[in-house]
Amino acid sequence: MPQIKLDKTPLEMFHKEHGATMVEFAGYSMPLQYQLGIKGEHLHTRSKSGLFDVSHMGQIRLTGVNVLKDLESLVPSDLEGLEVGAMRYTVFTNESGGILDDLIVTRGDGYALLVLNAASKAAGLELLQENLDCEIELMNDSALLALQGPASVKILNELVPGVDKLFFLQSAEFTFLGSPITVSRSGYTGEDGFEVSISTSDVRKFVEILLNDPDVGLVGLGARDALRLEAGLCLYGQDLSKEVTPVEASLSWVISKRRREEGNFPGFELIKEQLVNGIKKCRVGISPIGKAPARGGCEIFADGGRKIGSITSGGYSPTLERPIAMGYVEEAFSKIGTEVLLSVRGKYLPAKVADLPFVSPKYFRK
Amino acid sequence: MSKIYFSKEHEWIEVEDDLGTVGITLYAQEQLGDIVFAEVTKLKEKVLRNDDVAVVESVKAASDIFAPVSGTVIEWNDLLDDAPETLNSDPTKSGWVFKMTIDAPEELQELMDEAAYNKFIEELK
């Protein structure tokens, strides 16, 4: 088999110097964990401040007069109503209502910033180029960092004064060493925290200054996955795919009222039909009763042995010290507290449908 | 007099007469990371060399523990039911995993002694 050359973030050397275990993720060489380990990094993020390199994600800048109006032709959310600096989580849908990717859109002044999943970056870019009549730039010269956890606001505000004025899902331009950076109050952990888009030439200096603070710890993809699962957030490719619609994915809230009436996005007819008449399956939280974690791919059964769904993400929650999971079940089994069985290594383990998120978010809302 | 052997699957087996105590090595626990669950899948069963006998789950993933030699799994370390993290903190003593009878003592000769195992993991690093 040919050796596939992995893409590297600008912090590749930095990760290795800090003892990271590097793994392949979406074609990138990425830190799975550092010396503290997944559990330690996870708990550090929940109690202090975790620093993540997420430069593998697709940062795209769209420039044009009607850019948000045009972008609405690909997503079911209200983007035109966003104020400058406001961010919105949404999904690209296809003609059958399936989810092509989930993304964050930020309204800039005369432009929009998109953050796409690393694995769907190329497809997303193609989708935009085929459908939008505006300038589309893949921001290859920008790194992306996340600083997450309760101590993050104080720490980042010392380095970038003014970020403490942002609310959850707000973004603004700041400067670092005289160069522009974009800071948003957002993340993928359920914690209060920030994401920082910064030039690849300045990013190393930036993380080194942050790391001087003893409350900042490096966090890899392993802990990132467990943190987002506790926060009930989806991972594209596991919890979301072309096979599910936003309604089935329990993401109906991304479909704004105006768009439900107007439509004009791919898959509208089918999605509208589901909103009116209901769905056959939906995404739910799952709490295994025992100690055995149930991983993605594990099948879910009703009492009596009929298969009713499967787990899409599952593992151990370091915060709750027990296994947690999410997956899809037939709608009739989606009520919180419903008893189900999980097939783990040939045994049927009891579990209950659970409310999401598992760990309450600490977002700094207006 | 007991003797300890090591497998390429990063397990150790301490042998006394025809009885073996099996656990994972320090190197294995480092690689696995924080272990959150362990269970035996073949208790009181006859197993062949390299059959899976138990499963450990770390925060990262599930991994099998194999029988380093053929025999019968006779005992599971109950401590791991409530304190699987012992596999991280003390994998070579109180964190032993299972005990087994040894059917074919000659299979032990295909395992490594401590010096050979240390050399083996050096080469992996």
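**Exercise 1. How many bridges join strand 8 of chain B to strand 9 of chain B, and in which direction do the strands run?**

*Solution.* This is a predicted model, in which local features need pLDDT of at least 70 and side-chain atom pairs count only at pLDDT 80 or more, whereas totals for chains, interfaces and linings use all residues. Residues are numbered from 1 along each chain as its sequence is written, while chains are lettered from A and ligands numbered from 1 in the order in which they are written.

Step 1. Locate the strands, which are DSSP runs (E, at least two residues) numbered from the N terminus, as are helices (H or I, at least four residues). Strand 8 covers residues 71–76 of chain B and strand 9 covers residues 98–102.

Step 2. Count the bridges: there are five, and the two strands run antiparallel. Two strands pair if DSSP finds at least two bridges between them. Trp76(B) stands opposite Phe98(B) of strand 9.

Step 3. The order is 1-2-3-9-8-5 in an open sheet of six strands of chain B, with antiparallel pairing. At the edges are strand 1 (3–6) and strand 5 (46–47), each of which pairs on one side only.

**Exercise 2. Determine how helix 2 and helix 7 of chain A cross**.

*Solution.* Step 1. The axes of helix 2 and helix 7 of chain A come within 8 Å and cross at roughly 55°. Axes are lines fitted to C-alpha atoms, for helices over the stretch in contact, and angles run from 0 to 180 degrees between N-to-C directions.

Step 1. Helix 2 of chain A is therefore oblique to helix 7 of chain A. Angles under 35 degrees count as roughly parallel, over 145 as roughly antiparallel, 65 to 115 as roughly perpendicular and the rest as oblique.

Step 2. Name the residues that meet, two residues being in contact if their C-beta atoms, placed from the backbone, lie within 7 Å. Helix 2 of chain A brings Ile38(A), Glu41(A), His42(A) and Thr45(A), and helix 7 of chain A brings Gly222(A), Ala223(A), Ala226(A) and Leu227(A).

**Exercise 3. Describe the contact between chain B and chain A**.

*Solution.* Step 1. Eleven residues of chain B touch 14 residues of chain A.

Step 1. On the side of chain B that touches chain A, strand 4 (35–40) and strand 6 (52–58) of chain B each supply at least two residues. Strand 4 of chain B gives the most, with three residues.
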